[in-house]
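Biologist: I have not seen this structure before. Could you take me through it in questions and answers?

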Amino acid sequence: MVKEIERAGLPVVHMCTVVPISLTVGANRIVPTVAIPHPLGNPALNPEDEKALRRKLVEKALRALQTEVEDQTVFED
Amino acid sequence: MGKFRVVHYINQFFAGIGGEEKADIKPEVRETVIGPGMALNAGFKGEAEIVATVICGDSYFNENIEEAKAEVLEMVKKYNPDLFIAGPAFNAGRYGVACGTITDAVQKELGIPALTAMYEENPGVDMFKKSIYIVATKNSAAGMRDAVSKMVPLALKLAKGEEIGSPEEENYIARGIRKNFFTDKRGSERAVEMLIKKLKGEEFITEYPMPDFDRVKPNPAVKDISKATIALVTSGGIVPKGNPDHIESSSASKYGKYDIEGFDNLTSEDHQTAHGGYDPVYANEDPDRVLPVDILREMEKEGKIGKLHRYYYATVGNGTAVKSAKAFAEKIGKELKEAGVDAVILTST
């Protein structure tokens with residue numbers, strides 16, 4: 001899906017937990033996430049900390065969208 | 001000569017431990033034959049025997065690939081088997097990735113002949129088909145008998161160190177290896193025959209398929225994110241409560257387009273997941289854990305982004321055919337472009 005949206009001419013960031021799959025399907029901007037059933041959250045944290053974690057991940061995704069890339073890039077930290 | 005000793009790898013589901021709620025279990029080993037191992041063992045007809053079964057939860061493996069790989073390798077090594085078999089994984093994505101990863105590792109790091117089996121669209125195929133033997137299976141466990149009947153002969157050949165024939169002969173997925181052999185017709189003759197068939201519009205089989213490198217070049221970065229409209233798309237199955245479009249929990253045949261105007265965040269009151277391939281508890285409790293509407297709405301108010309697009313798009317990426325996903329995303333991409341969206345965040349579970 002990520003590849004077809006990119007093909008339509010939109011920069012797209014893929015937020016997912018299993019990075020090797022994202023690389024295989026051809027995503028160009030990749031932000032690794034927390035866990036498969038809760039990529040952008042962590043039920044073990046209290047609500048404030050969980051939201052802060054989500055905010056950090058979304059900020060990272062926005063940074064990825066503002067970064068020029070030539071090739072598949074994983075935005076670690 | 002004694003029986004070949006086999007170690008078999010399966011996930012929590014085929015071990016009968018549990019479904020998605022048990023997908024986070026760590027690797028464990030049992031000195032018994034379990035689930036699909038029974039059919040494999042029967043197929044070996046005494047030539048080989050499963051001496052141990054390693055079980056690991058699919059989510060645990062995929063969320064901790066390096067650790068899981070090391071742990072499973074240690075377990076396999078302890079039994080010093082003549083052969084290692086993983087799966088079959090059919091079209092289960094995480095299971096396929098686990099099977100491919102561990103089969104590759106056993107072969108490379110322990111030097112033990114190894115094979116796995118899965119459906120051709122499983123992401124594990126593209127990741128590992130070049131380095132390991134992957135028997136082609138049907139897309140669901142209904143194809144178990146067929147899978148086992150293809151895995152057994154190839155497994156025994158590998159254990160015996162016999163020469164492995166072509167992918168068509170041995171039922172594995174082509175690895176892109178070229179082999180020289182003698183044939184009664186020379187190349188020019190075969191080429192002309194192929195050309196004539198092609199001109200007549202008849203079927204012909206190429207002797208050298210071109211590799212399929214379908215990659216899309218990255219689009220330029222967003223210049224000013226504070227003015228950009230950002231859209232959300234997910235394969236994690238987040239839908240309005242009640243799943244009004246009846247998006248299937250697996251092998252989805254459609255996607256949904258949903259209005260989030262007026263939503264400051266998604267809650268268990270108004271949204272849920274339709275995805276049947278992961279434990280839904282956390283996403284149902286707070287759908288923002290999959291689709292971060294809350295954060296993007298805050299950023300919109302703070303002026304960090306221009307706008308959160310009024311609609312989000314969702315489907316269920318669970319055994320969904322690549323062809324369907326491609327068709328959905330073609331339409332979604334076109335619509336988003338026409339709607340003046342500048343960039344997309346796509347989340348996956």
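Biologist: What percentage of the 77 residues of chain A count as buried?
Modeller: This is a predicted model, and a residue is called buried here if 20 or more other C-beta atoms lie within 10 Å of its own. Of the 77 residues of chain A, the share that passes is 53%.

Biologist: Which pattern does chain A follow along the sequence?
Modeller: Chain A has three helices and three strands. Its C-alpha atoms fill a box of roughly 40 × 25 × 20 Å along the principal axes. Read along the sequence, the pattern is α-β-α-β-α-β.

Biologist: How many residues does each chain give to the contact between chain A and chain B?
Modeller: On the side of chain A that touches chain B, α1 (2-7), β1 (12-16), α2 (19-25) and α3 (47-65) of chain A each supply at least two residues. By class, that side divides into 25 nonpolar, ten polar and eight charged residues. The contact takes 43 residues from chain A and 50 residues from chain B.

Biologist: What is the bridge partner of M15(A) in β13(B)?
Modeller: β1(A) pairs with strand β13 (residues 343-347) of chain B. The two strands run in the parallel sense over four bridges. In β13(B), the partner of M15(A) is T347(B).

Biologist: How far apart are the C-alpha centres of domain 1 and domain 2 of chain B?
Modeller: The domain assignment of chain B gives domain 1 (4-170) and domain 2 (225-347). Their contact takes six residues from domain 1 of chain B and five residues from domain 2 of chain B. On the domain 1 side, these are one nonpolar, two polar and three charged residues. The C-alpha centres of the two domains lie apart by 34 Å.

Biologist: Does the span of helix α3 of chain B agree or disagree with its 15 residues, and what is the distance between its end C-alpha atoms?
Modeller: Helix α3 of chain B covers residues 65-79. At 1.5 Å a residue, its 15 residues should span 21 Å. The value from the model agrees with this, as the end C-alpha atoms are apart by 22 Å.

Biologist: Which residues of α3(B) are buried?
Modeller: The buried residues of α3(B) pack against β1 (4-11), β3 (48-56), α2 (58-63), β4 (83-86) and α4 (93-110) of chain B. The face turned away from the buried side carries the exposed residues E66(B), E74(B) and K78(B). The buried residues are A68(B), K69(B), V72(B) and V76(B).

Biologist: Why are those buried residues on the same side of α3(B), and what arc do they cover?
Modeller: The residues in question are A68(B), K69(B), V72(B) and V76(B). They are placed on the same side of α3(B) because the arc they cover around the axis is only 100°.

Biologist: Which residue of β6(B) stands opposite A117(B)?
Modeller: Strand β5 (residues 114-119) of chain B runs parallel to β6(B), joined to β6(B) by five bridges. In strand β6 (residues 133-137) of chain B, five of its five residues are buried. Both faces are covered, with Y133(B), V135(B) and T137(B) on one side and I134(B) and A136(B) on the other. The residue opposite A117(B) is V135(B).

Note on methods: Residues are numbered from 1 along each chain as its sequence is written. Chains are lettered from A and ligands numbered from 1 in the order in which they are written. This is a predicted model: local features need pLDDT of at least 70, side-chain atom pairs count only at pLDDT 80 or more; totals for chains, interfaces and linings use all residues. The expected span of a helix is 1.5 Å times one less than its number of residues. A residue is buried if 20 or more other C-beta atoms lie within 10 Å of its own, exposed if 12 or fewer, and partly exposed in between; C-beta atoms are placed from the backbone. The arc is that of the directions from the helix axis to the C-beta atoms. Two residues are in contact if their C-beta atoms, placed from the backbone, lie within 7 Å. Domain bounds come from an automatic or database domain assignment. Ala, Val, Leu, Ile, Met, Phe, Trp, Tyr, Cys and Pro count as nonpolar, Asp, Glu, Lys and Arg as charged, and the others, Gly among them, as polar. Two strands pair if DSSP finds at least two bridges between them.
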